[in-house]
Every structure is written in structure tokens, then in C-alpha cells.
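User: I am new to this structure and would like to understand the terms used to describe it. Please set each value against its definition.

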Amino acid sequence: MRAKEMARILIVDDSPTETFRFKEILTKHGYDVLEASNGADGVTLAKAEQPDLVLMDVVMPGVNGFQATRQITRDEDTKHIPVVIVSTKDQATDRVWGKRQGAIDYLIKPIEEKQLIDVIKQFLN
């Protein structure tokens, strides 16, 4: 049986350090990685590239993660793409608000590699 094509994951984060870390973990686990350094680019890339899943930071200049999540999850072209918010903001209100914008999950940074991969696998299957 042929292994299926690598799932593509879009990382939307304005921190090069965070992006690098996520990319390292995802690549190690066999995922194809796309990157956007702000919310507006994230929305554009999601539309153009149709990734299998989006990892979305919240605090970014311009279009923030909540706004970008809302745009992706409410657009006809991208609403099928699961968005997982990954943020340092760990208030219950942030989680609720994130889910209201359409995010399927809300993870707190710093995140353990195993937890990140488990969540991704859960939503890709």
C-alpha cells in the first residue's frame, strides 16, 4: 500500500523562533509545511494552497489570529480546513472566543511535541 501524500500544514505566526520550532517538529513527523508571518498572509495562503490544517497564533500585527481564523472558517473556499489556535494567551475567555471564531482546538504555548502531533493527527483523520 502506498503511503498517502504528506499532509500540508500552514503555520501562521509572527515569531520566527516559534515558526522554526513548529516547522522542525512537523517536518520530523513527515508533514509538509507552509508558513505565513501574519494573519492576512495566512488567510491568503490558506485560500491559495488549501492546506490540510492551519496552526494559528493569536497575537500578530495587523490581522490577528482570531480575525484570520474567522476569515478562514467562514469563507466558502476554506471553511473545510481545520484551524487550531496555538497561543500564549491562556485565559478561559480567549479559548471560548477562539472556538467562537471557528477554531477546532486551542493549544497553549509552549506546547509539547507529543501534544501537538496528537492534536494534528486527531483532526487530520
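Analyst: Contact means heavy atoms within 4.5 Å. Helices (H or I, at least four residues) and strands (E, at least two) are DSSP runs, numbered from the N terminus. The model is predicted: local features need pLDDT of at least 70, side-chain atom pairs count only at pLDDT 80 or more, and totals for chains, interfaces and linings use all residues. Residues are numbered from 1 along each chain as its sequence is written, and side-chain values use heavy atoms, with hydrogens and water left out.

User: Which residues of helix 1 and helix 5 meet?

Analyst: On the side of helix 1 they are R21, F22, I25, L26 and K28, and on the side of helix 5 they are E113, L116, I117 and I120. By class, this contact has six nonpolar, no polar and three charged residues. Here Ala, Val, Leu, Ile, Met, Phe, Trp, Tyr, Cys and Pro count as nonpolar, Asp, Glu, Lys and Arg as charged, and the others, Gly among them, as polar.

User: How are the axes of helix 1 and helix 5 placed?

Analyst: The axes of helix 1 (residues 16–28) and helix 5 (residues 113–124) come within 11 Å and cross at roughly 65 degrees. Axes are lines fitted to C-alpha atoms, for helices over the stretch in contact, and angles run from 0 to 180 degrees between N-to-C directions. The crossing of these two helices is right-handed; that word applies if the near helix is turned clockwise from the far one by less than a right angle, and left-handed if anticlockwise.

User: Why are helix 2 and helix 3 called roughly parallel?

Analyst: The axes of helix 2 (residues 39–49) and helix 3 (residues 65–74) cross at roughly 15 degrees and come within 9 Å. Angles under 35 degrees count as roughly parallel, over 145 as roughly antiparallel, 65 to 115 as roughly perpendicular and the rest as oblique. Helix 2 and helix 3 are therefore roughly parallel to each other. From helix 2, G39, G42, V43 and A46 meet A68, Q71 and I72 of helix 3. The residues of this contact divide into four nonpolar, three polar and no charged.

User: What makes G65 a buried residue?

Analyst: Buried means under 20% relative accessible area, exposed over 50%, and partly exposed in between (1.4 Å probe, protein chains only). G65 has a relative accessible area of 0%, so G65 is buried. This residue is in helix 3 and touches M56, D57, V58 and M60, not counting residues up to four places away in sequence.

User: How do you know that the buried residues of helix 3 line one face?

Analyst: The buried residues of helix 3 are G65, F66, A68, T69, I72 and T73. They fall within an arc of 160 degrees seen down the axis, so they line one face of the helix. The arc is that of the directions from the helix axis to the C-beta atoms. Among the elements covering these buried residues are helix 2, strand 3 (53–56) and strand 4 (83–87).

User: Why is Q50 called partly exposed?

Analyst: Q50 has a relative accessible area of 30%, so it falls in the partly exposed class. Q50 lies in the loop between helix 2 and strand 3. Its phi is positive, about 50 degrees, although Q50 is not a glycine. Most residues other than glycine have a negative phi, and most peptide bonds are trans.

User: Which residues does a cis peptide bond join?

Analyst: A cis peptide bond joins K109 and P110, with omega about -10 degrees. P110 is found in the loop between strand 5 and helix 5.
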